[in-house]
Amino acid sequence: KSVFRYDRYEDAVDETVLSKAVEGGSQSQVFTKLCAWITVELKGLCNLEECVHPTQSEEDTEGFEMEMSSFLNEFGCPHAGVSSGDFAQRFRTRENCLLLLDYLLTELQAAQMTHANHPRPPTTPTGQAPVSPHTGELKAICITLGMSRPPPTITTFQFFTGVEKKLREFLSKVPQDHIGRPLMKRAMAPGQWAQLEIINRKLAEEYRIRREMLLKRLDVTIQSFNWSDRTKGKEDAVAQAFRPKRQVLSTQTNVILADLLSAREDIARIQKTSFGATRHNCAINKVLMGRVPDRGGRAWERAPPPKEMPAFRKREEGGRGGFGGGRGGHRKVAGVALVEAVVGT
């Protein structure tokens with residue numbers, strides 16, 4: 001049974017109800033409610049001014065058609081069937097309604113993907129100061145250290161002085177080597193911080209490419225499982241098990257210069273995850289591979305290739321040439337005999 005569930009849409013619309021809604025067009029409350037929800041989502045993602053309201057009765061049909069036409073004009077809809085012509089005919093035929101839903105849903109999908117890859121900073125109401133991108137981090141510091149909300153008139157120096165005082169208070173209650181010694185001990189000039197930022201960006205790009213390669217290998221490996229006869233008809237089950245885990249794997253790194261400042265000396269001591277106490281215990285470690293056929297490949301076991309040409313040998317004295325040479329000699333003797341016979345006569 002086909003069921004329409006798009007992201008956060010609150011109502012589930014099965015195929016039969018959706019088909020009737022498309023037949024009714026702008027006179028169907030189910031159809032207008034779905035279209036209105038899509039336009040509200042697009043308005044928030046694309047910073048649009050227009051939006052569409054669902055109908056509550058047949059008297060609201062004309063208003064819905066006018067609002068939808070204005071929205072499509074602002075959005076730049078390229079389909080003339082739903083963006084131009086008589087209002088009464090744009091959204092009352094099955095073909096136009098299907099075209100409208102297809103256009104709105106594909107634009108919403110594209111807007112959501114664009115927003116996920118390039119999120120915009122949050123907007124603030126008119127007259128309020130813009131929200132700093134570090135506000136969340138500062139709030140988390142205050143909550144973690146148990147500090148009260150700082151007053152609006154506090155300066156940056158005063159705020160971090162209070163944070164330092166609170167940190168020293170906490171550190172006095174724990175052992176001396178509780179958090180370890182910092183990995184970076186020297187002070188940096190502003191120019192050096194700028195160089196570190198450039199190095200970090202280059203390393204982030206390098207590791208982004210590496211992650212893309214590893215994720216591509218992962219995708220191809222999972223895709224190859226579907227080629228087996230044992231997984232025929234189980235493609236959906238494999239996809240449902242793999243997709244949630246794959247979606248949380250990103251190619252972008254979240255390492256910033258703050259991680260360098262917070263790094264301790266023990267970060268330089270890295271142990272393999274397959275050794276000692278750091279060994280990752282899981283079910284796959286208990287699987288033992290049986291004997292596998294010897295595939296060879298050892299260079300020292302291969303026989304040397306045959307020589308391309310035989311070794312050179314000096315021609316023997318008095319030896320007879322090849323078959324062609326012998327026949328050439330017979331022709332020469334016969335010719336001399338013929339000349340002597342002609343001259344003698």
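**Stop 1: helix α9**

Select L203, which lies in helix α9, residues 190-225. You are looking at a predicted model. Is L203 buried, partly exposed or exposed? Its relative accessible area is 44%, so L203 is partly exposed. The cut-offs are simple: under 20% is buried, and over 50% is exposed.

Together with L203, they make a nonpolar surface patch. The patch covers about 290 Å².

Stay on α9 and pick R201 and E197. These two form a salt bridge. Their closest N and O atoms are 3.9 Å apart. Why are R201 and E197 separated by about one helical turn? They are four residues apart in helix α9, which means about one turn lies between them. E197 is partly exposed, because its relative accessibility is 30%.

Side chains of opposite charge can pair when their charged atoms come close.

**Stop 2: from α9 to α10**

Select D219 and R246. Here is another salt bridge, with 2.9 Å between the closest N and O atoms. This pair links distant parts of the chain: D219 sits in helix α9 and R246 in helix α10, 27 residues apart. D219 has a relative accessible area of 24%, so D219 counts as partly exposed.

Next, show D229 and K232. Their side chains meet in a salt bridge, at 3.5 Å from N to O. Both D229 and K232 are exposed.

Now show the whole of α10, residues 235-247. How far apart are its end C-alpha atoms? They are 18 Å apart. The helix has 13 residues, and at 1.5 Å a residue it should span 18 Å, so the two values agree. The expected span is 1.5 Å times one less than the number of residues.

Click on A241. Helix α10 bends there by about 25°.

**Stop 3**

Move to L260 in helix α11, residues 257-262. L260 has a relative accessible area of 29%, so L260 is partly exposed. What does L260 touch, not counting residues up to four places away in sequence? It touches M184 and L196. P182 and L260 are 78 residues apart along the chain, yet their C-alpha atoms are separated by 9.2 Å.

Now select R181, K185 and E265. These three are linked in a network of salt bridges. In total, the structure holds 13 salt bridges.

**Stop 4: a loop serine**

Jump to S28. Where does S28 lie? It lies in the loop between α1 (15-24) and α2 (29-46). S28 counts as buried, because its relative accessibility is 13%. S28 is in contact with both, leaving aside its neighbours within four places in sequence.

**Last stop: the whole chain**

Zoom out and colour by secondary structure. The protein chain has twelve helices and two strands.

The accessible surface of the protein chain comes to about 28100 Å². Carbon and sulfur atoms account for 57% of that area. The chain has 345 residues, and 17% of them count as buried.

Finally, think about contacts between residues at least 6 apart in sequence. Of these, 55% join residues at least 24 apart.

Terms used:
Residues numbered from 1 in each chain as written. Predicted model: local features only at pLDDT ≥ 70, side-chain atom pairs only at ≥ 80, totals over all residues. Heavy atoms only, no water. Bend = angle between axes of the 7 residues up to and from the residue. Patch = residues over 30% accessible without salt bridge, like charges linked within 9 Å, V, L, I, M, F, W, Y side chains within 5 Å. Areas by Shrake-Rupley, 256 points an atom, 1.4 Å probe, with all protein chains shown as cover. Salt bridge = Lys/Arg side-chain N within 4 Å of Asp/Glu carboxyl O. Buried < 20%, exposed > 50% of the residue type's maximum accessible area, 1.4 Å probe, protein only. Contact = heavy atoms within 4.5 Å.
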